Amino acid sequence: MINLSPKQKWIIAIATVLIGALLAASININDDAFDLLPGTAVKGDLRLLQKLGLVDRVIISLSLDNEEADITSLKRSGLALGKLLESSEYFTNVMYYLPQKFELKTYQKFQPLLPLLFDEQDLLLLEPLTSPTGIESSLQKSFNLLNSPAGYGMKHQIQSDPLGISSLFLNKLKYLRAEYSLIIEDGLFLSKDRKNCLIIAESRLELTDADAAAFIQQVLTRSFNTTLAPGVTPRIIGTLPHTLANANSVKHDLKILLPIATILLLSLIIITLKNIRSLLVIGIPFLAAPSAIAITGIIFEEMSALALGFGIVLLGIAVDFAIHLYIGLAGADSSENFLKTIRKPILLATLTTASVFVVLLFSEIPSHRQMATLALSGVVLAVLYSWYLVPLISPKNSTHFAITTTHFQLCSSQGSSPFARRCILLAWVILFVSGVVSWPNLKYNGNLQTLDAPDRTVIEDENHFRKTWDEKGDQAFIVSSAKELDQAFEKNHYVFRELLRLKAPSFQSIAPILPSLADQASNLKGWHNFWAKNKSDFSSEFLSKAADLGFSEKAFKPFFDSLDTKTQPRSLINDLPDGLKDLIGAMIRLPEQQRGKANENNYLITTTLSTDEGLYSSLLELDKANQNITLLANKKWRDQVEFLLRHDIITLSLAAAACITIITLISFRSLRATAAVLAPVISALSAMAVFSAVTGRELNMMHLLMGIMVIGLSVDYGIFTVYSKRKQSSNSSLLAVSICAISSLIGFGVLSFAQHPALSALGVTVLIGIGAAWPTAILVSPAIIGNLYVSDHSEKP
Amino acid sequence: MKNSSSFFTTIFAFIATSILLLPSSPAFSKDISLEELLLDIRKKSSALTTLSCDFTQKRSLALFNKPIVFQGQLALIRPDKLRWEFISPVPSVLIFNGDKGIRCNDNDKPVKFDLANDPVMKMVAEQLWTWLDGDYSRLEKEYAIKKTGDSAILVTPKNQKTSNLIKNISIVFDGENRQPKSVTILEPGGDKTLITFNDYQLSPTLPDTTFTTCFISD
């Protein structure tokens with residue numbers, strides 16, 4: 001074995017750190033929230049949502065909140081802002097205006113094409129209009145209209161549509177009406193009280209990315225300053241405010257909590273270890289961070305920022321090993337002998353911790369796998385760094401610690417009396433049983449919104465929006481996809497018919513006015529059959545009634561000509577008038593409009609609807625039964641995430657527990673020792689389960705992550721405690737365990753005060769877990785061990 | 001439809017503006033220029049707040065075998081109340097009252113409209129009330145006006161879209177009292193509408209129900 005001098009060891013350490021840093025610098029760190037999602041199904045759905053442009057949709061509600069402005073200012077502001085966003089390179093699909101009388105213009109354009117649009121249902125509604133009573137009523141209305149002041153200029157329309165068939169077509173346009181409750185005035189989308197104006201746009205930058213969101217916010221703020229009249233207040237709804245609120249919340253938390261935790265931690269080390277060199281103890285394990293990041297980056301090609309952040313946190317477990325080494329060496333007569341003694345427990349602790357992270361590699365959540373890789377490689381490297389470098393800085397023969405080993409001698413002497421042992425064990429068993437009882441009552445929350453941290457402004461704006469625009473219930477989307485546009489229309493029309501069959505209360509669909517070629521052909525056939533059956537009776541009745549009212553014989557020639565239509569099925573998109581094209585364009589997504597390569601994308605057509613419990617299960621069946629029809633709904637993801645989460649928590653926890661149990665059994669070859677080692681783990685898990693059950697808190701993905709970490713930490717406490725009893729070594733191990741536990745409590749306890757719910761959940765979980773594991777390691781593990789190793793030592797000379 | 005509304009409001013404007021003329025205006029003498037005539041009309045219309053009269057509408061459209069004749073009554077109160085009522089052959093009423101209105105006929109329920117939500121009626125009303133303040137010069141921006149006789153003027157639209165619906169409008173005034181006797185609207189293609197007015201009542205007392213109720217006898 002090569003003996004390296006201290007200087008050589010430092011040089012090698014620094015060199016490896018620098019190499020690791022160089023490699024790590026080239027890794028792509030992304031801000032992709034999708035890495036937090038378990039399973040490919042949920043991620044696939046959310047990627048689809050992104051392809052549809054819905055994730056990057058910006059909804060702006062302009063309001064007259066005071067007397068300073070009036071409706072004219074509001075309209076002027078809405079128009080100006082809409083135009084500005086429309087011309088901006090950062091926005092697309094801006095909807096803010098419909099041309100005057102777009103419904104009539106649409107009808108005029110589509111009138112020759114009605115035979116392609118009218119399906120069986122429409123023809124059923126047409127039948128009474130062609131009856132003698134219907135004819136008489138329609139002609140009388142036409143006569144009255146032609147002679148009234150409002151009838152000037154309506155001649156051509158009446159000649160072409162004396163029966164009012166346009167009302168059947170306008171009925172189809174109602175399916176384009178947005179889910180919001182609004183009126184169209186001067187082309188603008190206004191609330192019914194005419195105090196709010198709605199503008200919808202799509203950002204060209206990804207709004208799930210914090211930097212892009214901040215940039216878009218700046219663009220919008222500048223636009224508001226340029227276009228809005230005084231007294232007109234803008235409110236933004238959608239992904240943008242949530243991304244910014246989350247980013248700001250995390251930044252705010254870290255800005256405040258990180259320094260507090262650092263100061264407290266450093267203070268703890270200095271106060272307890274009373275040596276400035278002890279500060280290096282915390283730093284040495286983190287030398288492994290650059291290399292660990294590099295290794296993770298090479299394996300995964302890129303890494304999420306969240307995985308990076310939490311991976312480094314998990315790396316903090318390795319600080320425990322450095323502290324054990326430092327304290328042990330300081331109190332040891334011979335460093336060499338001490339290192340021989342401590343080698344096995346450190347190896348075992350590293351093995352158990354590593355096994356826990358290996359288990360986490362099987363998590364359904366990509367970011368967990370990245371974190372596990374980072375933590376696994378980091379812990380192993382950190383132990384190596386600690387092993388070779390801590391002896392170089394640890395003071396020798398020093399017992400100048402604030403909490404001396406004497407305190408632990410007192411603890412263990414008190415704990416060694418039979419009565420004390422029984423009490424301690426009883427308390428522990430009660431905790432264990434409570435945990436077992438609580439476990440089945442644990443609630444899982446797969447709702448991704450639990451990881452969201454909207455601030456008060458975001459929540460108020462959303463409440464105001466719901467109230468103003470009467471947004472009802474949970475919104476869902478049904479996406480019809482196909483390689484060809486016409487196939488997508490066909491799927492979409494199928495969805496439309498299913499929604500009618502299911503009596504869905506309200507939904508937005510383009511199917512009635514943009515049927516597929518096959519549906520158009522079927523409609524055309526129906527039209528010809530209808531008139532072939534009815535035309536001659538209808539014609540004679542109509543002309544007779546018309547003559548009675550004074551109409552000339554050729555008055556309605558345009559109408560009769562339209563019955564003998566020569567029109568053929570074709571693409572109808574280009575027949576849409578301008579304003580409607582934009583509206584419908586938002587519901588059709590061409591491959592080139594989606595992120596990624598166009599040739600890998602399908603044509604996507606969206607139907608929007610509000611769901612309730614009964615409708616949801618039918619829609620889920622529709623999704624499952626059809627490959628190219630996808631339901632996108634919060635409830636669907638929540639169910640899937642909860643299923644995967646429950647699977648992960650149970651499976652991974654059991655796997656981690658099994659691994660550490662097997663490793664411990666093999667190492668100690670004693671059930672009692674194994675129980676003593678695992679006692680802190682059992683206490684940690686039981687305490688977390690009891691806490692969650694009693695407080696009614698629901699477990700989410702962050703709890704899973706921290707639960708794994710708590711297992712890794714707790715088992716280390718048990719290992720060092722049992723080893724210290726086995727070797728009858730000084731109670732330095734108990735001191736080290738305590739310092740490690742307190743440092744974890746400080747670090748994560750501070751986090752429990754975070755604004756961000758995800759960070760707060762982490763903090764509370766670790767606080768409870770370590771808070772139970774630490775006293776268990778100090779009191780219960782020795783009580784379980786009892787006199788197991790006393791005879792061993794008494795036999796030795 | 002916008003053009004038809006402009007067409008309609010033009011007719012109304014001419015009718016309303018014309019019937020606001022007071023009798024025996026020396027401005028209607030042979031020698032008066034067009035500008036003096038417009039000025040005189042504006043002065044006299046501002047002095048008149050309410051009026052009512054009977055009218056006969058005869059529409060000669062290619063759609064019909066023979067001209068269709070309707071009898072009716074008109075009532076108005078400046079600045080924003082108007083009632084156009086057909087009495088025969090098919091009773092119907094069109095009322096504008098502020099920013100709201102009602103369309104009624106004998107067989108169906110009244111249809112109330114809000115000018116804020118009904119762009120067609122809104123355009124009709126907006127232009128109509130613009131005309132009713134008697135500022136005839138506004139008409140000159142969009143129409144060419146010409147005197148065609150001692151008591152007649154001819155208005156021709158300048159805008160191409162409007163002229164697709166209206167060829168011209170001719171107004172004939174009574175030689176004695178200078179009230180309009182008739183308004184003839186000629187459309188491209190030969191369709192024609194002739195409205196003749198009689199039995200004027202200037203500044204009558206009009207009950208509120210005139211502009212709130214469809215059929216007063218109800």
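Before I start, one term: two residues are in contact when they have heavy atoms within 4.5 Å. I also remind myself that this is a predicted model.

**Entry 1: chain B overall**

Counting contacts with a separation of 6 or more, 49% are between residues 24 or more positions apart. Then I looked up the secondary structure, and chain B has five helices and eleven strands. Chain B has 218 residues, and 51% of them count as buried. I noted its accessible surface too: about 9,900 Å², with 50% of that belonging to carbon and sulfur atoms.

**Entry 2: a cis bond in chain B**

Next I went to the peptide bond that joins B:S88 and B:P89. That bond is cis, with omega at about 0°. I found B:P89 in the loop between β3 (81-88) and β4 (92-97) of chain B.

**Entry 3: two helices in chain A**

I wanted to see how a pair of helices sits together. Two packed helices are described by the angle between their axes and the distance between the axes. For helix α15 (residues 318-331) and helix α17 (residues 366-393) of chain A, the angle is about 20° and the axes are 9 Å apart. Angles under 35 degrees count as roughly parallel, so α15(A) is roughly parallel to α17(A). The crossing of α15(A) past α17(A) is right-handed. On the α15(A) side, the contact residues include A:F321, A:L325 and A:Y326, and on the α17(A) side they include A:V383, A:W387 and A:V390. By class, this contact has 13 nonpolar residues, one polar and no charged ones.

**Entry 4: A:T607**

Is A:T607 buried or exposed? Its relative accessibility is 1%, so A:T607 counts as buried, the cut-off for buried being under 20%. A:T607 lies in strand β13 (residues 603-611) of chain A. I set aside its neighbours within four places in sequence and checked what else A:T607 touches; among the contacts are A:F477, A:I478, A:N492, A:L499 and A:F507. I also checked A:N626, which is 19 residues from A:T607 along the chain, and their C-alpha atoms are separated by 15 Å.

**Entry 5: two positive phi values in chain A**

A:D186 isn't a glycine, yet its phi is positive, about 55°. I found A:D186 in the loop between β4 (183-185) and β5 (188-190) of chain A. With a relative accessible area of 30%, A:D186 is partly exposed.

A:K503 is a residue other than glycine as well, and its phi is near 55°, a positive value. A:K503 sits in the loop between α21 (485-501) and β11 (507-508) of chain A. Its relative accessible area is 71%, so A:K503 is exposed.

Terms used
Residues are numbered from 1 along each chain as its sequence is written. Chains are lettered from A and ligands numbered from 1 in the order in which they are written. This is a predicted model: local features need pLDDT of at least 70, side-chain atom pairs count only at pLDDT 80 or more; totals for chains, interfaces and linings use all residues. Side-chain values use heavy atoms; hydrogens and water are left out. Axes are lines fitted to C-alpha atoms, for helices over the stretch in contact, and angles run from 0 to 180 degrees between N-to-C directions. Helices (H or I, at least four residues) and strands (E, at least two) are DSSP runs, numbered from the N terminus. Angles under 35 degrees count as roughly parallel, over 145 as roughly antiparallel, 65 to 115 as roughly perpendicular and the rest as oblique. A crossing is left-handed if the near helix is turned anticlockwise from the far one by less than a right angle, and right-handed if clockwise. Ala, Val, Leu, Ile, Met, Phe, Trp, Tyr, Cys and Pro count as nonpolar, Asp, Glu, Lys and Arg as charged, and the others, Gly among them, as polar. Buried means under 20% relative accessible area, exposed over 50%, partly exposed in between (1.4 Å probe, protein chains only). Accessible areas come from the Shrake-Rupley method with a 1.4 Å probe; for residues, only the protein chains shown count as cover.
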